[in-house]
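Please view the sequence and structure first.

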Amino acid sequence: MITKVNLTTKNYTDGEWQELQGTSKTVYNPSNINEKVGDMYFSTPEQILYTVSSAQMGFNTWRKQTGIERANYLYKMADELERAKEEVATLASREMGKPISEMLGEVTRGVNLLRYYAAEGARADGQSVPASDQHVLQYTKRVPLGVVAVITPWNFPVAIPIWKIAPALICGNSVVWKPAENSALTATRLMEIFEKANLPKGVLNLVIAKGRMIGDTLLEKADIDAVSFTGSTQTGTQIASICAKRNIKFQTEMGGKNAAVILNDADLEKTIPMILSGAFRSAGQKCTATSRIIVEKEIFPNFINSLQKAMSTLVVKDALDADAYLGPVASKDQYENISQYIELARKEATVIAEGRLDTISEGYYIPPIVVSGVGAQHKLFKEEIFGPVTVIIQAENFDEAIRLCNQSEYGLSASIFTNNMEKALLFLEEAEVGMVRVNQETAGVEYQVPFGGMKWSSSHTREQGQAALDFYSQVKTCAIKYSF
Ligand code: NAD
């Protein structure tokens, strides 16, 4: 049984909770906009600067601990989160509308990520390398960066923060985490849960703030040493230019316009459910969501028929409904933005299929929609919509399908559906994306492998897996002449 509690956002600084008095905003459940979830308050610039200075002090303690000591804290964080799994999933679902079944999976991913990176505390942090001189021990060693600012979006309110915080901590950095406004209540609760692991003061900090203020204060004025950002390409590129000017390390994981390519020989019965899941789970609000479907000419009519049948079973429900496949979109802003694209689609494209609503609640519900009849230059084919809207386009043949897939300024993920091994392998070679998949949806990449994009989707670093350790550390080369 889950109790619904009203929450308030707070900062966590130097091992203490700090009440916020600044501007405020009431948070309502996007599945039912008459239900209050909590109240948001924001930090002042002074509070942010104070947090960063305490993170610098926290870093001085933390960097001296061994990897194995740090690991023990991460294991405790994992255990605490696991215990609170249902509560956190429910709160996040109420705050940003992700279906509860997906949210439970996301919290589990967070627990797994914490344990995966905890285990890194006992693994090699360098290599010994032969020296040309005799009696010289030469080796490399990963060392931390310092205070890392972690700026996260709302669409994975638990997994994305953890896939940044866990590797940052295990590498010996302290963290100042700034979550998105639409997931700040979940962030506050997560921090309360992580507090139970008793990390040293100043090691893990939370600041609640509006985006612009973070740009001015946290990024321009505070004494930070690195930034890890996930969010839109527009914000990410601004952050990258500030970090480049300060010459601090940064990574930006940004938007996508991911394509699924369906070839003539694809098994439609197995393919269609994966296409729908890629396009519409989380109401299409995943950076890796399938937002372009490229279908080879011969199979096009059959594909449309099968898709229409499958779409007629797709219903949008309250996110807390145990069998909700699709919930509402996250916020009023999201609702208005996506609705504009749907209006454009109704005017300039052909609607192929639509899902339907199955709820009496008043919320930010948008039934999923598939459209076609627009060219590769059209806004619907080019721009990231970040909602339950996907566009189908026909390709003459395999070569044109690859060309269309690569005709995007983004390069996050792409999939191909085929039984032809040669074409699958050629697609793996040719697709200009960071994550490329065969007979699997564009979303759903596992945590133990590198995650990130090409082109305007990323600053060309990678998150998760072992790749994250490269970002959150720098390499020192050491040499000792032990006998003359
Ligand atoms: P957003 O860019 O609006 O915000 C992301 C974060 O940046 C938030 O915490 C926000 O408060 C903060 N921010 C906003 N303006 C800022 C500024 N000037 N300076 C510093 N910080 C600022 O993105 P969003 O709406 O929260 O998330 C949706 C976007 O995130 C989509 O484009 C999606 O594709 C992308 N995304 C990418 C990945 C990935 O790994 N590539 C994963 C999830 C989401």
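Which atom lies 3.3 Å from an oxygen atom of the ligand? A backbone N or O atom of G231 does.

## Basis

The model is predicted: local features need pLDDT of at least 70, side-chain atom pairs count only at pLDDT 80 or more, and totals for chains, interfaces and linings use all residues. Residues are numbered from 1 along each chain as its sequence is written, and side-chain values use heavy atoms, with hydrogens and water left out.

## Ligand contacts

A polar side-chain atom of K178 is 2.7 Å from an oxygen atom of the ligand. At G211, a polar backbone atom lies 3.4 Å from a ligand nitrogen atom. Alone, the ligand exposes 860 Å², and the protein buries 87% of that (Shrake-Rupley method, 1.4 Å probe).

## The shell

The shell holds 28 residues (a heavy atom within 4 Å of the ligand). T152, K178, S232, M254 and E384 come nearest. By class, 15 are nonpolar, ten polar and three charged.

α7 (211–219), β10 (226–230) and α8 (233–246) each supply at least two shell residues. The largest share, four residues, comes from α7. Helices are DSSP runs of H or I with at least four residues, strands runs of E with at least two, numbered from the N terminus.

## Positive phi in two loops

A283 has phi near 55°, positive though the residue is not glycine. A283 sits in the loop between α9 (268–280) and β13 (290–296). A283 is buried, at 1% relative accessibility (buried: under 20% relative accessible area, 1.4 Å probe, protein chains only).

F386, also not glycine, has a positive phi near 60°. Its loop joins α12 (379–382) and β18 (389–395). F386 counts as buried because its relative accessible area is 17%.

Note on methods:
Buried means under 20% relative accessible area, exposed over 50%, partly exposed in between (1.4 Å probe, protein chains only). A polar contact is a pair of N or O atoms within 3.5 Å; within protein, one must be able to donate a hydrogen and the other to accept it, and residues adjacent in sequence count only if both atoms are side-chain atoms. Ala, Val, Leu, Ile, Met, Phe, Trp, Tyr, Cys and Pro count as nonpolar, Asp, Glu, Lys and Arg as charged, and the others, Gly among them, as polar.
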